[in-house]
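Here are some notes for a first look at this structure. Please read them with the model open beside you.

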Amino acid sequence: SLGAQQPAIPASLSLADALAIARDNSPVYRQVLNDRGPAALNTRGAYTSLFLPSVTASGGMGYTGVGEQVFLTSSFSQSASSMSSYYTLQLDYLLSSATLTAPGAAKAEQRAVDSDVESARRRLEFDVTTQYLTVLLATENERVAGRQVENNRENLRLAQARYGVGQVTLVDVRRAEVALGNSEVLHLRATAAIEAQKLRLFERLGVQAPIDRAVQLTDTFPVQEPTWLLPDLLRMAEEENPALRALRDRERAAAYRTKAAWGDFGPTVALSASWSGFTQELTNLDPVIRG
């Protein structure tokens with residue numbers, strides 16, 4: 001059943017497809033993304049507490065049967081059963097420094113959570129892209145190792161042919177055999193490295209590896225010389241770094257909470273209104289009438 005819930009991994013996997021799969025299935029990223037809902041609810045609750053009063057409703061029912069109660073030396077009898085009910089509706093409104101600064105603090109916290117989500121998304125994309133490139137590098141290393149095996153195999157055939165006509169000694173043949181064996185070992189290691197790096201890529205994506213693992217990466221990346229300047233990079237990091245924006249938003253939220261703490265020394269306005277009622281009904285009037 002778990003395998004049926006896994007998204008289908010295409011046989012030809014591009015970097016864009018890998019990033020989309022990672023955003024939908026990475027547990028680390030989804031955990032950070034789930035913090036956005038509570039932050040939005042806290043902001044909504046802060047604005048609601050500022051503009052709307054709190055409502056409390058309560059009620060209940062009671063039943064008293066026929067019987068006699070004794071208190072010290074006195075006895076009290078009830079000849080008819082009764083039912084009672086009550087209800088209360090109360091409105092409370094509190095205006096203080098905490099309620100005045102709560103919306104600003106909650107909004108700053110929400111922006112900080114949004115920045116955390118953006119930071120987690122960029123970190124996920126960086127990890128997936130890096131691992132994607134690592135798989136491509138392992139694939140190229142395997143191709144180079146395979147060509148080296150073919151070259152050493154051809155060198156061995158050439159050494160055997162020369163040994164047959166007496167141009168080289170048996171030592172040269174054995175040396176070619178050793179070189180071929182070493183290259184074959186390196187080729188096996190390169191092939192195993194591709195499988196290992198693909199498993200790490202699927203781990204970054206948050207999905208199970210396909211059974212056949214016959215997934216080919218299709219994107220290529222041309223090599224270009226960077227033209228960035230250090231001041232431009234520093235300015236870009238200061239303006240667009242989501243982790244830095246999250247810290248600044250939390251600093252604003254802390255400033256709002258500091259204002260709320262100082263505001264506790266000021267006045268507080270509290271308003272309250274309530275509406276309540278009580279009913280009582282005799283369920284059997286015949287004993288009372290006869291008495």
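1. Which residues does proline 210 touch, not counting residues up to four places away in sequence? They are Ile9, Phe202 and Val215. Keep in mind that this is a predicted model. Proline 210 sits in the loop between H6 and strand S6 (216-217). Its relative accessible area is 18%. Buried means under 20%, so proline 210 is buried. For a sense of distance, take arginine 23. It is 187 residues from proline 210 along the chain, and the two C-alpha atoms are separated by 19 Å.

2. After H6 comes glycine 206, with a positive phi near 80°.

3. H6 has a buried set of residues. Among them are Val173, Ala176, Leu180, Ser183, Ala190 and Ile194. Gln197, Lys198, Leu201, Phe202 and Leu205 are also buried. Against what do the buried residues of H6 pack? Their partners are strand S1 (12-13), H2, H5 and S6.

4. Arginine 189 is also found in H6. Is it buried or exposed? Its relative accessible area is 58%, and the cut-off for exposed is over 50%. Arginine 189 is therefore exposed. Asparagine 141 is 48 residues away from arginine 189 along the chain, yet their C-alpha atoms are separated by 9.9 Å.

5. Now the largest nonpolar core. It holds 25 residues. Leu13, Val128, Leu205 and Leu217 touch the most other members. H5 gives the largest share, eight residues. In soluble globular proteins, nonpolar side chains tend to be buried together.

6. Look at valine 128 within that core. Leaving out residues up to four places away in sequence, valine 128 touches Ala18, Leu19 and Ala22, along with Leu201, Arg204 and Leu205. Another core lies apart from the largest one. It has six residues, including Val149, Val173, Ala176 and Leu180.

7. Aspartate 249 lies in helix H8 (residues 242-263). Its relative accessibility is 7%, so aspartate 249 counts as buried. Which residues does it contact, leaving aside neighbours within four places in sequence? Aspartate 249 is in contact with Ala108, Arg111, Ala112 and Ser115.

8. Serine 119 lies in helix H5. Serine 119 has a relative accessible area of 13% and is buried. Not counting residues up to four places away in sequence, it touches Pro242 and Ala243.

9. Asparagine 25 belongs to helix H2. At 24% relative accessibility, asparagine 25 counts as partly exposed. The value falls between the cut-offs of 20% and 50%. From asparagine 25 to leucine 229 is 204 residues in sequence and 36 Å in space, C-alpha to C-alpha.

10. What is the volume of the largest pocket? It is about 200 Å³. The lining has 13 residues, and those closest to the centre are Leu136, Thr139, Arg143, Gln216 and Leu217. H5, H6 and S6 each give two or more residues to this lining. The largest share, five residues, comes from H5. By type, the lining divides into five nonpolar, four polar and four charged residues.

11. The second largest pocket holds about 170 Å³ of space. Which residues line it? They are Ser26, Pro27, Val28, Tyr29, Val32, Ala120, Arg123, Leu124, Asp127, Glu203 and Arg204. H3, H5 and H6 each contribute two or more residues to this lining. Its make-up is six nonpolar, one polar and four charged residues.

How values were computed. Residues are numbered from 1 along each chain as its sequence is written. This is a predicted model: local features need pLDDT of at least 70, side-chain atom pairs count only at pLDDT 80 or more; totals for chains, interfaces and linings use all residues. Side-chain values use heavy atoms; hydrogens and water are left out. A nonpolar core is a set of buried Ala, Val, Leu, Ile, Met, Phe, Trp, Tyr and Cys residues joined through side-chain atoms within 4.5 Å. Buried means under 20% relative accessible area, exposed over 50%, partly exposed in between (1.4 Å probe, protein chains only). Helices (H or I, at least four residues) and strands (E, at least two) are DSSP runs, numbered from the N terminus. Contact means heavy atoms within 4.5 Å. On a 1 Å grid over the protein atoms alone, a cavity is a set of points where a 1.4 Å probe fits but cannot get out, and a pocket is an open set with protein on both sides within 12 Å along at least five of seven lines; lining residues have an atom within 4 Å of a point. Grid points are joined across faces, edges and corners, and a volume is the space filled by probe spheres set on the points. Ala, Val, Leu, Ile, Met, Phe, Trp, Tyr, Cys and Pro count as nonpolar, Asp, Glu, Lys and Arg as charged, and the others, Gly among them, as polar.
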